[in-house]
Amino acid sequence: MPKKISSREEALFETLHDLVFVDYPFLEKYIFLNSDGTPQHQNTIRRALKSLENEGYIKSFPVPKAHVRGADRLAYSLDTQGIQEASEILGGADWDKRWTQRTPTYIYHSIQIAYILMIYKTNIHHAKELEFVDYFSERRAFRNYGEWSKDKYGKKRQSPATVIRPDGAFVLKRLVKEKEFKFLYFVEMERSRQRIENTLEKMFRYNQYVLKKAYKEDFVFGDIDVVRVLFVSNKETERDRLLFHSKKADTKAIEKIQGTLFFASYDDVMANPYGAIWKANNSEDQGQFYHLTQKIEV
């Protein structure tokens with residue numbers, strides 16, 4: 001057992017608890033850092049990971065990425081001891097071991113989401129007059145906006161047809177004339193072969209979520225003023241395809257609170273997360289790019 005669980009290990013356990021899966025480059029970039037923010041030596045990182053894995057805090061397994069070899073192909077998640085530590089740190093752990101029994105495609109998808117959420121957290125200094133509040137994994141961002149009813153046994157239920165299940169979410173806030181405004185961003189990492197009818201169904205449900213005012217006084221997100229949905233694609237051609245098909249979606253409720261559906265490529269998000277990289281489905285000029293909080297010209 002390690003002699004001491006330092007703030008670095010605590011950050012590792014909390015991050016794995018929230019995101020479930022990360023890979024070695026993620027740990028090198030965001031967790032195993034020197035005091036000046038530079039990455040620790042690879043040998044130091046690998047020894048630390050090996051020790052934590054041997055003691056049952058974390059576990060690793062390969063992720064099939066053809067262009068990457070060696071330890072960089074490994075994904076990491078919590079193991080039994082790490083779950084217990086996360087529970088102590090967070091005052092309780094929301095963890096199901098079945099979450100780690102996922103397909104390689106799902107794991108790789110989850111790792112991409114981890115990078116998106118973390119880059120918005122760590123690059124907030126590039127955003128003028130904005131403050132990063134928090135990010136939320138898929139399980140924390142899950143919402144049911146439907147009405148409550150009782151089944152034949154008297155138990156309160158909500159319909160499974162009134163669910164939104166984003167890949168992740170984050171909240172930003174800004175002070176304007178001493179008044180606080182909160183922006184909620186749902187993140188959808190779109191797969192290249194996802195059928196358009198499934199994406200349109202997502203868009204419909206996000207609009208219903210706003211129409212029902214479920215974003216007001218949310219017990220996790222807080223009281224939100226603006227809701228925007230970020231659709232991230234692996235290629236620009238896929239981004240533009242989604243933007244074209246989004247015209248079929250009803251987004252009036254979202255637009256009424258200055259929200260929108262935004263579309264960008266994964267590479268653009270990684271290169272310039274707070275820059276003008278987003279196309280908006282309700283923009284008058286479909287060639288115009290926006291930053292996250294920019295007003296849409298309609």
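## A walk through a predicted model

Leaving aside neighbours within four places in sequence, T293 is in contact with L130, R174, F183, Y185 and R228, where contact means heavy atoms within 4.5 Å. This is a predicted model, so local features need pLDDT of at least 70 and side-chain atom pairs count only at pLDDT 80 or more, while totals for chains, interfaces and linings use all residues. Residues are numbered from 1 along each chain as its sequence is written, and side-chain values use heavy atoms, with hydrogens and water left out.

T293 lies in the segment after β13 (279-280). Helices (H or I, at least four residues) and strands (E, at least two) are DSSP runs, numbered from the N terminus. With a relative accessibility of 11%, T293 counts as buried; buried means under 20% relative accessible area, exposed over 50% and partly exposed in between, using a 1.4 Å probe and protein chains only. The T293 side chain also makes a polar contact with the side chain of R174, at 3.4 Å. A polar contact is a pair of N or O atoms within 3.5 Å; within protein, one must be able to donate a hydrogen and the other to accept it, and residues adjacent in sequence count only if both atoms are side-chain atoms.

Now to the three-stranded sheet. Its order is β1-β3-β2, and this open sheet has antiparallel pairing. β1 and β2 stand at the edges with a single partner strand each, so one side of each is left without a neighbour in the sheet. Two strands pair if DSSP finds at least two bridges between them. Strand β1 (residues 22-23) pairs with β3 over two bridges, and D23 stands opposite A75 in β3. Strand β2 (residues 58-62) is joined to β3 by five bridges, with S77 of β3 as the bridge partner of K59. Four of the five residues of β3 are buried, so this strand is largely enclosed by the rest of the structure.

Helix α4 (residues 80-90) has G82, I83 and A86 buried. These three cover an arc of only 100 degrees around the axis, which puts them on the same side of α4; the arc is that of the directions from the helix axis to the C-beta atoms. The buried residues of α4 pack against α1 (7-19) and β3 (74-78). Just after the helix, G91 takes a positive phi of about 75 degrees.

Next come the aromatic rings. Rings of Phe, Tyr and Trp (its six-membered ring) pair if their centres lie within 6.5 Å; planes under 30 degrees apart count as stacked, over 60 as edge-to-face and the rest as tilted. The count comes to 16 aromatic pairs.

| Pair | Centre to centre | Angle between planes | Geometry |
|---|---|---|---|
| F186 and Y209 | 5.5 Å | 80 degrees | edge-to-face |
| F186 and F221 | 5.9 Å | 75 degrees | edge-to-face |

F186 lies in strand β10 (residues 179-189) and Y209 in helix α7 (residues 196-211), so their pair ties together parts that are 23 residues apart in sequence. F221 sits in the loop between α7 and β11 (226-233), so its pair with F186 ties together parts that are 35 residues apart in sequence. Both F186 and Y209 are buried, F186 at 0% relative accessibility; F221 is buried as well, with a relative accessible area of 2%. Elsewhere, ring pairs link Y120, F132, F170, F183, Y185 and Y274 into a cluster.

Which residues does A141 touch? Not counting residues up to four places away in sequence, A141 touches F136, I164, P166, G168, A169, F186 and F221. A141 is found in helix α6 (residues 138-141) and is buried, with a relative accessible area of 0%.

Finally, two arginines lie over tyrosine rings. The charged end of R46 sits over the ring of Y24, 4.2 Å from its centre, and R102 lies over the face of Y106, at 4.2 Å from the ring centre. A charge sits over a ring if NZ of Lys or CZ of Arg is within 6 Å of the ring centre and within 35 degrees of the ring normal.
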